[in-house]
Amino acid sequence: MRRWNGWGDEKNEFLLKPEGLAFITQRIGAGNRLPDATLASVVAKVPPSRLPAHALIVTDAEDRVRHARGQSLPDWLAMRSGDFGVFPDGVAYPQDTQQVRQLLDFCLANDIEVLPYGGGTSVVGHITPVASSRPVLTLSLEKMNRLLALDKDSQLATFGAGTPGPSLEEQLAREGYTLGHFPQSFELSTVGGWVASRSSGQQSLRYGRIEQMFAGGIVETPRGTLEIPTFPASSAGPDVREIIMGSEGRMGVLTEVKVRVTPLPEVEKFYVGFLPDWASAVNCVRRLAQGKVQLSMLRLSNAVETETHLVLAGHPNLVGWLERYLRVRGIGAGKCMVTFGVTGSKAQCKAALAQANAVITAHGGVNAGTPLGRKWESTRFRSPYLRHGLWEHGVAVDTLETSADWKNVPALVQAIETSLRDAAATFGERIHVFTHLSHMYPQGSSIYTTYAFRCAASYGETRQRWAAMKKAASETIVKFRSTISHQHGVGRDHAPYLAAEKGPLGTSAIHTLIAHFDPKGIMAPGVLLPGSVRDEGASA
Ligand SMILES: Cc1cc2nc3c(=O)[nH]c(=O)nc-3n(C[C@H](O)[C@H](O)[C@H](O)COP(=O)(O)OP(=O)(O)OC[C@H]3O[C@@H](n4cnc5c(N)ncnc54)[C@H](O)[C@@H]3O)c2cc1C
């Protein structure tokens with residue numbers, strides 16, 4: 001069963017091994033384990049629902065608890081403390097597009113706010129209800145989870161928008177196809193959520209981001225039904241797909257999603273290499289991206305992330321052997337790990353591997369082969385469980401991300417890490433912070449930073465510390481004129497920073513689009529843009 005107060009299935013865990021714990025403790029000090037609330041105590045706090053009765057809406061308290069929060073650190077603190085604040089007034093589980101339409105009409109008629117809910121894996125406050133004078137309905141797409149059509153000639157698959165990653169890939173694999181979208185949240189996130197939040201998967205180098213995969217579909221908006229036809233390409237004016245991608249539930253509910261799929265590859269292998277230092281490593285991956293070497297994934301860990309991964313891997317003998325070997329090859333302290341994949345026909349993979357090896361060698365690096373790559377592959381969706389392992393020892397962990405042009409990447413990585421460290425120092429704490437680049441483009445790269453810190457004496461103080469660090473890092477990103485998100489989206493947490501990158505005219509254009517599809521402002525108020533269309537009417 002899915003955990004109500006953390007990540008994933010209750011059966012799965014990822015405990016911290018003693019050497020991992022010692023490593024973290026040495027860097028930030030001994031953690032401070034805060035007490036967990038019980039599900040029963042939280043259920044007891046759920047107020048009566050304000051929703052009028054409807055056959056498709058459940059107002060059971062446990063359903064409302066289980067859909068009240070996503071997976072951001074503030075969500076995690078709310079779930080663990082039991083201090084949820086606001087619960088949705090009910091949860092609906094429609095089975096098809098018609099039922100979504102019925103529900104939207106019901107919400108319009110009764111002035112009810114709607115929060116579309118895919119897999120609930122948002123890390124930026126997308127699906128968290130906030131206090132409102134109107135009742136709030138969470139609209140879960142979980143029952144709309146099937147492959148509805150597959151056009152093999154055009155390689156287009158139509159899915160119910162609530163189809164989660166594993167089920168989507170299983171249904172396609174039976175037909176010999178893959179979508180190739182593998183965000184780290186793959187286990188729980190859904191195809192509708194990917195489109196609505198402009199997601200990026202680990203193998204974006206081969207398959208593209210969701211932008212390249214999303215071909216069209218059906219969106220039920222408060223204003224009516226929007227059908228987006230599929231074209232291989234079109235020059236017929238602005239692209240309506242682009243309006244819906246990243247709309248984060250504010251313009252309507254995606255009910256059917258058409259995606260571009262690919263035949264299952266003949267070969268897929270992952271490798272891990274090492275570069276002597278960060279500067280040569282960044283040049284190496286930039287060269288791989290700009291040289292358009294046909295890799296399917298590419299990830300570069302900075303020195304601290306490399307060291308952390310090797311320690312947490314929990315195989316000290318194997319890692320000791322590897323480090324001795326690397327030292328002989330001139331790669332010691334400060335080394336950076338590069339993980340990459342080749343996917344496709346045997347000939348494509350062979351050529352890509354040879355090119356990648358040549359670039360790595362030219363930058364003073366070594367390809368250590370497939371053993372660590374296989375390890376990465378087998379644990380690629382397991383690392384979110386590590387948050388539990390750390391929490392058990394009183395350590396909170398969060399991640400943040402952006403993207404930047406290559407010329408800004410090194411300085412921005414350093415500035416983000418420094419801003420987090422400096423913010424932590426203001427409350428007398430050290431943090432363990434590290435970064436990787438995991439989606440690379442000829443122009444630049446995503447930047448993904450992880451930071452771990454000790455919980456404070458109370459939940460409230462821990463949250464304040466998180467807010468101070470998050471603010472410092474977000475302001476740094478804005479100062480560099482980088483994007484507030486490369487892949488997690490805007491939600492409520494990033495909404496205050498959106499105007500800085502869109503500008504006044506861009507922001508008001510987004511506002512106008514939202515108001516066009518949702519004139520009464522019932523869809524996810526406060527997500528993407530602060531406030532609801534209703535409140536903002538005068539300022540727009
Ligand atoms: C451990 C972890 C790892 C992650 N790794 C990645 C990663 O590698 N790459 C990445 O891109 N993201 C990642 N994320 C973030 C998150 O998984 C993505 O934002 C994902 O796309 C959300 O999908 P979901 O189905 O869970 O959507 P939800 O979290 O349920 O919703 C997200 C937003 O989309 C809207 N929405 C959802 N479904 C619909 C629909 N059918 N119609 C209209 N609106 C809808 C919601 O209203 C909300 O605004 C990660 C999150 C976690 C917790």
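The following legends describe several close-up views of a predicted model.

In this predicted model, local features need pLDDT of at least 70 and side-chain atom pairs count only at pLDDT 80 or more, whereas totals for chains, interfaces and linings use all residues. Residues are numbered from 1 along each chain as its sequence is written, and side-chain values use heavy atoms, with hydrogens and water left out.

View 1. A nitrogen atom of the ligand is found 2.8 Å from a polar backbone atom of Leu-254. The ligand taken alone exposes 960 Å², of which the protein buries 96%. A polar contact is a pair of N or O atoms within 3.5 Å; within protein, one atom must be able to donate a hydrogen and the other to accept it, and residues adjacent in sequence count only if both atoms are side-chain atoms. Accessible areas come from the Shrake-Rupley method with a 1.4 Å probe, and for residues only the protein chains shown count as cover.

**View 2. The shell of residues around the ligand.** There are 34 residues around the ligand, and Pro-116, Gly-118, Thr-121, Ser-185 and Thr-190 come nearest; a residue is near a molecule or strand if one of its heavy atoms lies within 4 Å of it. By residue type the shell divides into 13 nonpolar, 20 polar and one charged, where Ala, Val, Leu, Ile, Met, Phe, Trp, Tyr, Cys and Pro count as nonpolar, Asp, Glu, Lys and Arg as charged, and the others, Gly among them, as polar. Helix 7 gives the largest share of this shell, five residues. Helices (H or I, at least four residues) and strands (E, at least two) are DSSP runs, numbered from the N terminus.

**View 3. An edge-to-face pair of tryptophans, Trp-76 and Trp-391.** A search of the whole structure finds eleven aromatic pairs. In the pair formed by Trp-76 and Trp-391, the distance is 6.0 Å centre to centre, with 75° between the planes. This pair links distant parts of the chain, with Trp-76 in helix 4 (residues 73-81) and Trp-391 in helix 16 (residues 386-391), 315 residues apart. Trp-76 counts as buried at 1% relative accessibility, and Trp-391 is buried with a relative accessible area of 1%. Rings of Phe, Tyr and Trp (its six-membered ring) pair if their centres lie within 6.5 Å, and planes under 30 degrees apart count as stacked, over 60 as edge-to-face and the rest as tilted. Buried means under 20% relative accessible area, exposed over 50%, and partly exposed in between (1.4 Å probe, protein chains only).

**View 4. A stacked pair, Tyr-271 and Phe-340.** The ring centres of Tyr-271 and Phe-340 are 5.4 Å apart and their planes stand at 15°, so the pair is stacked. Because Tyr-271 lies in strand 12 (residues 267-275) and Phe-340 in strand 14 (residues 336-344), the pair ties together parts that are 69 residues apart in sequence. Both Tyr-271 and Phe-340 are buried.

**View 5. Arginines over aromatic rings.** Arg-27 lies over the face of Phe-23, at 3.7 Å from the ring centre, and Arg-382 lies over the face of Phe-14, at 4.0 Å from the ring centre. A charge sits over a ring if NZ of Lys or CZ of Arg is within 6 Å of the ring centre and within 35 degrees of the ring normal.

**View 6. Arg-198 and its contact with Glu-242.** Arg-198 is found in the loop between helix 7 and helix 8 (204-207), and its phi is near 55°, a positive value in a residue other than glycine. Most residues other than glycine have a negative phi. At 22% relative accessibility, Arg-198 counts as partly exposed. A polar contact of 2.6 Å joins the side chains of Arg-198 and Glu-242. Glu-242 has its place in helix 10 (residues 240-244) and is partly exposed, with a relative accessible area of 38%.

**View 7. Lys-292 in a loop.** Lys-292 lies in the loop between helix 11 (278-290) and strand 13 (297-301). Phi of Lys-292 is near 55°, a positive value in a residue other than glycine, and Lys-292 is exposed, with a relative accessible area of 54%.
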